[in-house]
Amino acid sequence: MPTNEELLRTHYSALGRGDPDAAADVFADGVPSAPPPLPNDVRPRAREFVPASDERVVVLGDYRAGDEAVPFVHTWRFADGKVVEVTDVHDAARLGALIAGAGDDGGLRDMATGFMVSQVLHAAVDVGVFTALRDGPMDGESLRRRLGLHERGARDFFDALAALGLLERGDGVYANTPVTAAHLGDAEADSYLGGLLAYIGSHWYWSWGRLADALRTGKSQSYGGEFPYDAIQADPELAERFQQAMFATSTALRAAIAGGFAWERVGTVADIGCADGSLLARLLTAHPHLRGIGFDLPAGVSGFRRTVARHGLEDRARFEAGDFRAGPLPRADALLFAHILIDWDAETRHMLLAKAYRALPEGGTILIVDTLLEETRGPDSAAGLLVGLHMLVDQRGGPSYSAEECFDWLGKAGFRDRRVRSLSGFDRLITAVK
Ligand SMILES: C[S@@+](CC[C@H](N)C(=O)[O-])C[C@H]1O[C@@H](n2cnc3c(N)ncnc32)[C@H](O)[C@@H]1O
């Protein structure tokens, strides 16, 4: 087994050659990597390794950019061959000057203009680039005419899509890539993500443009100033678009939920906030003994019925219209809350868990799916933290939560046997039994 000093030599040599992923191997799970992220052309260089005890090593070195150097002292503490703590002492003003003088901005400009990339993609979905190319490649002029675009921006737009890897280009002819063909070419396909992208491009882009206002006031900045679920109830066309978006969010997740729980022990499952019903349809298709209730606000009914008919599940699945803030939840052996709790504030979360407890029989199971935070709220929690901010700008809920917090709420509501497991992407499944 390598000594602590050898592990640190490997760590610094990985940082020295600009390989932060390899350098991160030395850290125990959940321990934030250190030293802090630096621009690519500022690198730490270790000069001397001083063992301070069995578990501590002090490293003297400097942060370098070209010929400039700022000294540091790093103190590392190990347990079981992994770093569990590190402190970094340096002159912050001098390191700041070193970074400012280096050419690399540490990715700040790329982060600031990231929205340009997303807008090129959203515009391509909006004007129909990928669906126009579904049946085969087209030259630029034919594609421009087909989409009804002005001459002024069309060529740069198509070439930008190609440069970003969203189209293939050869001899002025454009084609979908395998990825855009699979996810954006065919609006009827199960793998189609265009509904989600369209909703994000119109509604979420609007509210995220006002993030600083939401942070100052604590108030949602949702599209048109209306609470999204009220807007959806009042507008059937928007309800349709929202359901298309929800359908697209969970393609891989549906399979993971269908395979991630012992459904053979359940007779009837109620999907609370079922949207278009595609998750419930997946469960019932994978488990032919299951019966299902899709519970949602009334505007969801037509999309739900279409999904059920498409899968031939009319005899096993039914829709129940209701408002879970106002009335009780349907009775079933299992209640599934997929991307529901995150939408709401603490009070509503507690209220929903209490209603779930009342609706379940003794031995019944509650299943909760959300993008959860790690307890440390470190880099692994970035996706969950962004979802939390999304709840701030677009909904009335949030903040994001960890499995441990949810276990605590479930315990207070009376649930036992609380478990958590990973699903696809950043989603986790929490289960608990009445
Ligand atoms: C974020 S979506 C989640 C959809 C789906 N479960 C999924 O994971 O893709 C939240 C769902 O909750 C529904 N919903 C919102 N408020 C509700 C309420 N008061 N009563 C019942 N359903 C509600 C919405 O209509 C929407 O379908």
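A residue is termed buried if 20 or more other C-beta atoms lie within 10 Å of its own, exposed if 12 or fewer do, and partly exposed in between, with C-beta atoms placed from the backbone. By this criterion, S278, L279, L280, A281, R282, L283 and L284 of helix α15 are buried. The structure is a predicted model, in which local features need pLDDT of at least 70 and side-chain atom pairs count only at pLDDT 80 or more, whereas totals for chains, interfaces and linings use all residues. Residues are numbered from 1 along each chain as its sequence is written.

**Overall architecture**

- The protein contains 19 helices and 14 strands; helices (H or I, at least four residues) and strands (E, at least two) are DSSP runs, numbered from the N terminus.
- The C-alpha trace spans about 75 × 65 × 45 Å along its principal axes.
- Of the 434 residues, 35% count as buried.
- Among contacts between residues at least 6 apart in sequence, 61% join residues at least 24 apart; a contact requires the C-beta atoms of two residues, placed from the backbone, to lie within 7 Å.

**Helix α15**

- Helix α15 covers residues 278–286 and is largely enclosed by the rest of the structure, because seven of its nine residues are buried.

- Helix α10 (residues 194–208) has 15 residues and reaches 19 Å from its first C-alpha to its last, close to the 21 Å expected at 1.5 Å a residue; the expected span is 1.5 Å times one less than the number of residues.
- A bend of about 40° occurs in α10 at I200, the bend being the angle between axes fitted to the seven residues ending there and the seven starting there.
- The buried residues of α10 are G194, G195, L196, L197, Y199, H203, W204 and S207.
- Helix α5 (residues 114–127) packs with α10 at an angle of about 115°, and their axes are 9 Å apart; axes are lines fitted to C-alpha atoms, for helices over the stretch in contact, and angles run from 0 to 180 degrees between N-to-C directions.
- From α5, this contact involves L121, H122, V125 and D126, and from α10 it involves G194, L197, A198 and G201.
- The residues of the contact comprise four nonpolar, three polar and one charged, where Ala, Val, Leu, Ile, Met, Phe, Trp, Tyr, Cys and Pro count as nonpolar, Asp, Glu, Lys and Arg as charged, and the others, Gly among them, as polar.

**Positive phi at non-glycine residues**

- Most residues other than glycine have a negative phi.
- D80, although not a glycine, has a positive phi of about 50°; D80 is found in the loop between β3 (68–79) and β4 (82–90).
- D80 is exposed because 7 other C-beta atoms lie within 10 Å.
- H339, likewise not a glycine, has a positive phi of about 55° and is found in the loop between β11 (334–338) and α17 (346–359).
- H339 has 19 C-beta neighbours inside 10 Å and therefore counts as partly exposed.

- A28 is found in the loop between α2 (20–23) and β1 (43–51), and it is partly exposed, with 13 other C-beta atoms within 10 Å.
- A28 touches K82, V83 and V84, not counting residues up to four places away in sequence.
- The C-alpha atoms of A28 and A79 are separated by 8.5 Å, with the two residues 51 apart along the chain.
- Q233 lies in helix α12 (residues 228–234) and counts as partly exposed because it has 16 C-beta neighbours inside 10 Å.
- Q233 touches L297 and A299, not counting residues up to four places away in sequence.
- The C-alpha atoms of Q233 and L147, 86 residues apart along the chain, are separated by 32 Å.
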